[in-house]
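Please open the model in your viewer and keep the selection panel at hand.

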Amino acid sequence: MTDAASASPKAPRRSLLQSLEIDTRLLGMIGAFVALCLVFNMFTDGRFLTPRNIFNLSIQTVSVAIMATGMVFVIVTRHIDLSVGALLATCSAVMGVMQVWILPQTLGLGIGHPLIAPATMIAGMATGALIGAFNGWLIGYQRIPAFIVTLGGLLVWRNVGWYLTDGQTVGPLDSTFMLFGGIEGTLGEPLSWALGAAASIAAIWALWRARADKVRHGFPVKPVWAEAVMASLAAAAILGFVAVLNAYQVPAARLRRDFAARGEVMPEGYTEAFGLPISVLILVVVAVAMTVLARRTRLGRYIFAAGGNPDAAELSGINTRMLTVKVFALMGFLCGLSAIIAQARLQNHTNDIGTLDELRVIAAAVIGGTALSGGVGTIYGAILGAIIMQSLQSGMAMVGVDAPFQNIVVGLVLVLAVWIDIQYRKRTGEKS
Amino acid sequence: MTPLVELRNISIAFGGIKAVDRVTVDLFPGEVVGLLGHNGAGKSTLIKCLSGAYQKDTGDIFIDGERVEIRNPRDARALNIETIYQTLALADNLDAASNLFLGRELTTRFGFVDDAAMEAETRRIMGRLNPNFAKFKTPVKALSGGQRQSVAIARAVYFNARILIMDEPTAALGPQETQMVAELIQELKAQGLGIFLIEHDIHNVMKLCDRASVMKNGQLVGTVNVAEVTDEDILGMIILGKMPERRGA
Ligand SMILES: Nc1ncnc2c1ncn2[C@@H]1O[C@H](COP(=O)(O)OP(=O)(O)OP(=O)(O)O)[C@@H](O)[C@H]1O
Ligand SMILES: [Mg+2]
């Protein structure tokens, strides 16, 4: 037998989108997001799309977006996690107690010791991963439905968090720790540009590698111009985002205070931009890592296989119970990471931290195209979903929509997004 | 000669119903043993005890004369037992290559899954099994029943199995594809594999199998050498549950 099947069939005429091989669903989401921004910008007399507001939107989105990437895996494997907000609160409580009471006082490291921030963060993320693994064990090995385990977890962990701090607000936080919250920790203009450039180069390199791989195996590839368009779009998006963040100037009063603190006088006409917040950088790293995990590792492949057909995954020799433990442990770890960012942004541990985050996180994943029936979902979709949710909420607040009505709109958008998704899949012949 | 596989006195019950009741069958290298019986006779359940999908309640499994425990599908794979399930057991949301290599992905030097290499291998093997197959990028849920079955067959034969279990492998295939699977079975047999073939079509059984074991209501009716019996004898075993009368000596 010859390799008849591997000879590529004569390519029919292709539309622009087909040549570019752009995911039309992604395009639709971006379109909806752009429309949303333009509408808000109009109703706020241009205040919505200022560098300042975009900066704020970015740092407000990070915590939910990070958890949403983990929720994609949870939902893809046909589970749900209703306890992420409560888990975040417990991790936050552990970290608050660690950095404010235990490390500086009980262990006598003293305030401002350089070990406090790293030790606290490790403790927080480990707490999340351990609780998540425990949830996964109950679900995978004891066969209790995830809905029940995490519904119970929502009550348990929210209140374990309460007991850890006796219901008190814990602060002030360690100054290094606070760098992870957003406005306190930004990279400044030059470093932001450098990172933007590096990211653009990395994106182009990844595109080129993917193409080289296909060529090596003799598979059909996009025309070169299409690759070039995609590469330019990626680079433009990255650099454009950096440019916006770099356009947000640090207020003069704050600069003067910083100079004064160093015993200097601020030179006349001195300006400085915030640049990329560390928290946003962490989100980018999480997004890339989770995407690589989903697409390029065995673990990711098994997650999607188990979501598509759990029995087939098991019969293929995949340990689906252990897989459940890993997925929930990862979710818990990401809750711990989000807790760092949420707590640092709020500059305290408060009892109600992360309240209702489970709903935001699930909504972000679902708006981003993760199917509750399992097996389907993308990391970038979930992040875009989180951004859309946050923009909607902030935009309505800026326009001055009543708080109850804001929630009504968010609820409607969630249902509408899923409905559109179902219609889209019907059209493209995917199963819903 | 020791058998490649011996299933001895295997029993398994589901909530009081004995799906398989003290069944003993064996299989030698280079042999095809047909498993026959009416719907619900217990054929699939029996082989699932060998493939690790089910746990037998009682009985013993011997591979190369040695008693083994098969607790899950991973144990079976480790013993070079490959299975084509009646339900195919494919992850519908993944493409053909991902399914073919599921659980045994090819990886790059850095340990990442190598999709391009897996697709190339899949194209190669599908070219032999089903040359008309061209949907390498689509999730297998978008394939026809026969195309899906081809993927399941490709997965079972790709990994150098010693023991192959085929549960109605050609149920959804067209005549040309069925013929190719028949040729494949003969080729694998010549390579010394042992094959359990569950098949309802008596003609295929007569053509492909060396021996046939017939089950009825979970019990073994008996095992015959295919060369020594007729179609009618086997049909009688399936329907009446009795061994054929011995004819003239
Ligand atoms: N998981 C299960 N739970 C309960 N009963 C089962 C299960 N699997 C099989 N059975 C029962 O065991 C009996 C044997 O089923 P099995 O699938 O082995 O039949 P079969 O011989 O393969 O039939 P067919 O030719 O229709 O494929 C049937 O009565 C079936 O209902
Ligand atoms: Mg069967």
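Predicted model: local features only at pLDDT ≥ 70, side-chain atom pairs only at ≥ 80, totals over all residues.

Residues are numbered from 1 along each chain as its sequence is written, chains are lettered from A and ligands numbered from 1 in the order in which they are written, and side-chain values use heavy atoms, with hydrogens and water left out.

**Stop 1: the domains of chain B**

Select residues 17–80 and 161–249 of chain B as domain 1, and residues 92–159 as domain 2; these bounds come from an automatic or database domain assignment. The C-alpha centres of the two domains lie 26 Å apart, and their contact (heavy atoms within 4.5 Å) takes 16 residues from domain 1 and 17 residues from domain 2. Between them about 1,200 Å² is buried, with carbon and sulfur atoms giving 53%; buried area is the accessible area (1.4 Å probe) that two parts lose on being put together, summed over both. Now show R77(B), M180(B) and L184(B), the residues of domain 1 that lose the most area to domain 2, together 38% of what that side buries.

Next, display E187(B) and R128(B), whose side chains meet in a salt bridge at 3.1 Å, N to O (a side-chain nitrogen of Lys or Arg within 4 Å of a carboxyl oxygen of Asp or Glu). Colouring helix α6 of chain B, residues 175–190, picks out the largest share of the domain 1 side that touches domain 2, namely seven residues (helices are DSSP runs of H or I, at least four residues).

**Stop 2: chain B against chain A**

Here 34 residues of chain B are in contact with 29 residues of chain A, and the two chains bury about 2,800 Å² between them, 59% of it on carbon and sulfur atoms. Two salt bridges are found across this interface; select R301(A) and D115(B) to see a salt bridge of 3.0 Å, N to O.

**Stop 3: a ring pair in chain A**

Finally, select F134(A) and W137(A), which form a stacked aromatic pair, 6.3 Å centre to centre with 20 degrees between the planes (ring centres within 6.5 Å, taking the six-membered ring of Trp, and planes under 30 degrees apart for stacking). Both residues lie in helix α5 of chain A, residues 116–140, three residues apart, about one turn of the helix.

Conventions. Helix = DSSP H or I, 4+ residues; strand = E, 2+ residues; numbered from the N terminus. Phe/Tyr/Trp six-rings, centres within 6.5 Å; stacked < 30°, edge-to-face > 60°.
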